[in-house]
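Have the structure open while you read.

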Amino acid sequence: MKLNGIAQSFENKIIFVTGSTGFLSKLFVEKLLRVQPNVKHLFLLLRAADASSPTQRLNKDVTGKELFRVLRNKHGVGFQSFISKKVTPIFGDVSLENLGITHPDLETKMHKNINIVVNFAATTNFIERYDVALAVNTMGAKHVLDFAEKCENLEIVLHVSTAFVCTGETTPGVILEKPLCKTLKESSNFLKIIHEEKKLIQCRLDKLKSEQVSKKEETAALKELGLERTIDPMVISVGRGKLPCFLGDSESFSDIIPGDMVVNAIIVAIVYAKTNFRIYSDGDNNIIYHIGSSAHREPTRMVKLLEYAYDYFSKNPLIGGDIDEIVKPVYFPTMSSFQRHIYNNYVVSMKEQKVRSAKRLAEIYEPFVLFKGTFSTSAVDQLRGWTKKLGDAELFDFNPEHIEWKDYMMNIHIPGLVKYVVKPQVGHISKL
């Protein structure tokens with residue numbers, strides 16, 4: 001017997017969404033408004049990027065995007081009226097206390113009415129100033145939780161981590177989906193760690209100030225500091241001709257998952273938590289879900305991923321900017337063999353410049369690329385099994401085994417990466 005649908009669970013609910021201009025957040029908002037037009041209301045937190053009003057920013061950077069085309073066509077001339085009725089955009093900033101919300105009446109209204117909080121806020125710039133990344137990705141999560149604790153009718157808080165998270169695991173094996181309470185206990189020195197990281201940033205700023213560097217040079221230096229704790233996309237490096245060689249072997253894989261499947265899992269997880277909520281003395285109702293593909297039958301091998309990138313950019317080369325000739329990367333199973341190759345083949349200064357990006361990426365990626373562990377998806381598998389009982393489960397598929405990876409990479413992922421991530425000054429020529 002089929003139970004009531006997933007979409008029905010959001011009827012008459014009031015939802016607070018942060019990071020509202022990010023790609024996952026927009027997918028989430030669009031999907032909810034499309035499958036459940038009777039959701040009561042959405043509060044969307046937006047950063048004030050310019051002198052425009054919150055409504056202008058909403059129209060420009062969220063509902064005005066191509067993603068909302070289906071919803072726009074569905075409502076026709078009534079689209080803006082529908083959005084105005086269902087969505088309230090709010091200027092704020094997760095890096096600030098109280099999320100930067102200063103209007104007392106609005107704050108009171110939100111605290112009294114919000115049922116669900118979903119935190120998407122994060123900086124996903126591949127090369128970000130470290131002080132900015134720390135303020136948004138780390139302190140931002142704390143500020144969202146502090147705000148949510150004041151909501152009188154709160155049913156659930158769901159936090160979405162950034163795509164680039166170091167687990168701290170260094171040995172092969174299965175990484176479990178540990179309950180949140182255990183993660184927090186293991187991070188009991190959280191404030192001490194943040195204090196040390198802030199000291200690191202301040203020391204770097206003091207040093208730059210003593211050297212009297214320009215603002216541009218300061219930003220570049222802090223981006224470099226941030227790069228030590230984040231990841232530059234290898235796929236784009238292939239397209240730019242900056243990855244003639246790299247680490248990897250037949251056992252190395254990339255744990256990737258399409259954004260729409262992530263959003264489907266998020267929506268189902270919210271419903272599941274509300275439907276099956278129980279109070280545990282040890283806090284095990286707080287679940288971490290690994291939304292990935294490494295534990296499934298056909299995970300995407302790292303070598304294959306870069307081969308897809310090479311095949312794509314050979315037919316659709318990037319143009320303009322700092323672009324070199326595209327070459328098919330040569331792979332090495334260890335850092336020592338990679339370094340020997342660099343030493344023996346790229347000793348001339350001009351060639352050294354060409355492989356500088358590859359060397360830097362290899363240094364950053366080594367723990368990830370050569371790591372042979374997999375991420376347990378037992379909680380997600382349970383979630384998926386439960387979803388089958390619901391009447392509209394087919395609308396919320398998040399099974400990576402339904403993906404044909406080559407087709408997905410060549411026709412969806414890489415074209416999307418080029419269109420939405422590559423810097424504007426770099427174009428591309430299609431030969432297809």
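Predicted model: local features only at pLDDT ≥ 70, side-chain atom pairs only at ≥ 80, totals over all residues.

## α11 against α16

Let's start with helix α11 (residues 259-275) and helix α16 (residues 378-387), whose axes lie 10 Å apart and pack at an angle of about 80°. Angles of 65 to 115 degrees count as roughly perpendicular, so α11 is roughly perpendicular to α16.

On the α11 side, the contact uses A265, V268, A269, V271, Y272 and T275, and these meet Q382, L383, W386 and T387 in α16. Sorted by class, that contact of α11 with α16 holds 7 nonpolar and 3 polar residues, with no charged ones.

## α11 against α1

Helix α11 also has helix α1 (residues 23-35) as a partner: their axes come within 9 Å and cross at roughly 60°. That angle makes α1 oblique to α11, and the crossing is right-handed.

From α1, the residues in the contact are L24, L27, F28, K31 and L32, while α11 brings G259, D260, V262, V263, N264, I266, I267 and I270. The tally for α1 with α11 is 9 nonpolar, 2 polar and 2 charged.

As for burial, the buried residues of α17 are W405, Y408, M409, M410, I414, L417 and V418. In general, an α-helix has 3.6 residues a turn, so residues three or four places apart point the same way.

Methods:
Residues numbered from 1 in each chain as written. Heavy atoms only, no water. Axes fitted to C-alpha atoms, helices over the stretch in contact; angles between N-to-C directions. Helix = DSSP H or I, 4+ residues; strand = E, 2+ residues; numbered from the N terminus. Parallel < 35°, antiparallel > 145°, perpendicular 65-115°, else oblique. Contact = heavy atoms within 4.5 Å. Nonpolar A, V, L, I, M, F, W, Y, C, P; charged D, E, K, R; others polar. Left-handed = near helix turned anticlockwise from the far one by under 90°. Buried < 20%, exposed > 50% of the residue type's maximum accessible area, 1.4 Å probe, protein only.
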